[in-house]
Amino acid sequence: MREVRQAFRRFWPLTRGDRRWLVVIIACVVVSALAETASILLFAQLTDNALKAGSLSAFWGPAGAWLGVAALGALVGYLGNSLATWTAERFVLRLRAKVFRHVQDLPPHFFQRHRQGDLVERLTGDVEAIEQMVVSGVVGTVSAAFSAVFYASAALYLRWDLALATFVLAPLFLLAARRFSGRIKAASQDERVADGAITSVVEESLGNIVLTQAYNRRADEEKRLEREARAWMSASVRGARLSEMYEQFVEVVETLCVLAVIGLGVWEISAGRMTLGQLLAFAAFIGYLYPPVRSLGGLGLTLTAATAGAERLNEILDTEPAVTDPAEPVAAWPVRGWVGFHDVSFRYPGSRRASLRDVSFGAGPGELVIVTGSSGAGKSTLSKLLTRFYDPAQGVITLDGVPLTDMSLRFLRENVALLPQETLILNGTIRENIACGRPGASEQEIERAAREAAAHNFITALPDGYDTAIAPGTAALSGGQLQRIAIARAMLRAAPVLVLDEPTAGLDAVAARQVVQPLRKLMAGRTTIMITHDLSLAPDADRILVVDRGRLVETGTHAELLARGGAYAALAEPLPDAVADVPPPADETMILRW
Ligand SMILES: Nc1ncnc2c1ncn2[C@@H]1O[C@H](COP(=O)(O)OP(=O)(O)OP(=O)(O)O)[C@@H](O)[C@H]1O
Ligand SMILES: [Mg+2]
């Protein structure tokens, strides 16, 4: 019960603005219950006065009234039900938007811990389960309570003694509901979890289809899916069996009640204490009483399903974003591009080892700073801190001398453009993929960015040119081509600070140089921090930072560091001098990668 209260307290505020509609809906429900009650009483009157007496003159009055009442009931029922659906769906809309907005702010490690299918299930099934409680639940309970009271009082009014005799059976319903609700909850929760797992498996397998096919993993993947599908099947069958058992049990109890009423009625009529019309009306009221009583009994089921959903949503909503906007962000200013790391240390949440330790360095406008070092040294981590996916545990990172934590995230990311290590592609055309670097960019600007990223030639060679549709995981372009589209996007953004994580990873040495020269030209007056293993670009750099196991071990120019003969010299050792002498290619050459 405490869980229900908590869930309610958390999600009820989302009905703000729609509560008056809830009142209107309930009013409609009350009016329809009243109309129903009136029509049953009119039916009794017709039976006794018109039917039994065979009198047509006694027919018209009650018949006209009945028709009127029925029309009113129909109109109000229509209004109430449409409004109820509308309000319920609006709630779903808001709740989903709220959760989705929250999810979008969550840090990368959250997504590493939660499978996508599971998140999808939470945003669909669980959201709906909560609606079932907060909106439909409230409306349903209030209307069931009203209807039950009306029909019960009408039955009591007709024959209180008979009514009390039949009510004795009512606790049976509640007992049944109580016995079943816990088990049905468990089944529905299992089903929800299995549903999420199935989506995850399908998504992961299809997203990884190359690995599956190349390494003959089909049978393993099928087994994985089968396992989840079986869990789902067993939960779903169990849930359906329990619900069905409950339904059938209720049916039997209802039949018992009806027989009791008829038996008592026969006796009463034979003794002359009741008319046939009264008996029929009485039986009708008792019959009408079942659905609301049943739905009150089933309320427990709705509540348990909803609290299960609420727990799963709370898990998301209670996860704090790793970074948040400051309460009072400093006002926007024209950013020059001075970047400063001051004794920065950082450890990923849940990780035991620090990924960065006491890192300090600076970079200024117009500078190209290359960050290099062995795999896993902490280079990408630097880029994640500079774009504030995480805040350092110790130390400060500044932009133009202002700590990153003092400015709004939006402002920071407008001014620090990131080209991440994984090529990120939007679902859309190539043009849209480049344009998303700066919404509203003109055709010429997009094309210039593509030219500067050495992408224009291969794009125009495609049958659909800039209108070619691409999607994440698309096979229509090579890895290096996708990478250059991403570079064009970052170039178009033209932020004062550009952070490039392995921008040349998919390019051969020649293509890499083709990218870097225009990059430098474009970056005149801007700050570029380039993370790379590709030291063919090192002579171009104003400064090189060598990172090793989270520490900055060397800083200097290419020449200085070579002369020093330390870690950098070892990394740069096999640098082929011949790269610069390779003749420019006649056509596009690149290393194809998956
Ligand atoms: N989300 C994470 N949670 C915990 N540890 C992480 C996470 N991401 C990275 N690490 C750890 O932090 C360290 C630095 O990782 P980082 O990605 O910065 O390396 P890198 O220098 O970019 O390597 P590469 O050259 O292979 O891209 C690694 O030891 C890695 O295991
Ligand atoms: Mg990296």
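This is a predicted model: local features need pLDDT of at least 70, side-chain atom pairs count only at pLDDT 80 or more; totals for chains, interfaces and linings use all residues.
Residues are numbered from 1 along each chain as its sequence is written, chains are lettered from A and ligands numbered from 1 in the order in which they are written, and side-chain values use heavy atoms, with hydrogens and water left out.

Helix packing was examined for α7 and α11. Helices are DSSP runs of H or I with at least four residues, strands are runs of E with at least two, and both are numbered from the N terminus. Two packed helices are described by the angle between their axes and the distance between the axes. Helix α7 spans residues 160-167 and helix α11 spans residues 276-317. Their axes lie 11 Å apart, at an angle of about 35°. Axes are lines fitted to C-alpha atoms, for helices over the stretch in contact, and angles run from 0 to 180 degrees between N-to-C directions. The crossing of α7 and α11 is right-handed. From α7, the residues Leu 162, Ala 163, Thr 166 and Phe 167 meet Phe 282, Ile 286 and Leu 289 of α11. Contact here means heavy atoms within 4.5 Å.

Leu 289 also touches Ala 148. Ala 148 sits in helix α6 (residues 136-158). Beyond four places in sequence, Ala 148 touches Leu 289 and Pro 292. Ala 148 counts as buried because its relative accessibility is 13%. The cut-offs are under 20% relative accessible area for buried and over 50% for exposed, with partly exposed in between (1.4 Å probe, protein chains only). Ala 33 is 115 residues from Ala 148 in sequence, yet the C-alpha atoms are 9.1 Å apart.

Charged pairs come next. Side chains of opposite charge can pair when their charged atoms come close. The whole structure holds 27 salt bridges, each a side-chain nitrogen of Lys or Arg within 4 Å of a carboxyl oxygen of Asp or Glu. One of them joins Asp 318 to Arg 10, with the closest N and O atoms 2.9 Å apart. This pair links distant parts of the chain, 308 residues apart. Asp 318 lies in the loop between α11 and β1 (339-346), and Arg 10 in helix α1 (residues 2-11). Asp 318 is partly exposed at 47%, and Arg 10 is partly exposed at 32%.

Asp 391 pairs with Arg 388, the closest N and O atoms being 2.7 Å apart. Arg 388 is buried, at 3% relative accessible area, whereas Asp 391 is partly exposed at 26%. Within helix α15 (residues 443-452), Glu 447 and Arg 451 stand 4 residues apart, about one turn of the helix. Their salt bridge has its closest N and O atoms 3.0 Å apart. Glu 447 is partly exposed at 29%, as is Arg 451 at 49%. Elsewhere, salt bridges that share partners join Arg 115, Glu 204, Arg 217, Asp 220, Glu 221 and Arg 224 into one network.

Lys 379, in helix α12 (residues 379-386), is buried but has no salt bridge. The nearest side chain of opposite charge is Glu 502, 5.0 Å away. Lys and Arg count as positive and Asp and Glu as negative, with His and the chain ends not counted. A polar atom of the Lys 379 side chain lies 3.1 Å from the backbone oxygen of Gly 373. This is a polar contact: a pair of N or O atoms within 3.5 Å, where within protein one must be able to donate a hydrogen and the other to accept it, and residues adjacent in sequence count only if both atoms are side-chain atoms. Beyond four places in sequence, Lys 379 touches residues including Val 371, Ile 531, His 533 and Val 547.

Asn 216 has a phi of about 50° and lies in the loop between α9 (209-214) and α10 (218-270). Asn 216 is exposed, at 67%. Ala 454 has a phi of about 55° and lies in the loop between α15 and α16 (456-461). Ala 454 is buried, at 15%.

Key: A crossing is left-handed if the near helix is turned anticlockwise from the far one by less than a right angle, and right-handed if clockwise.
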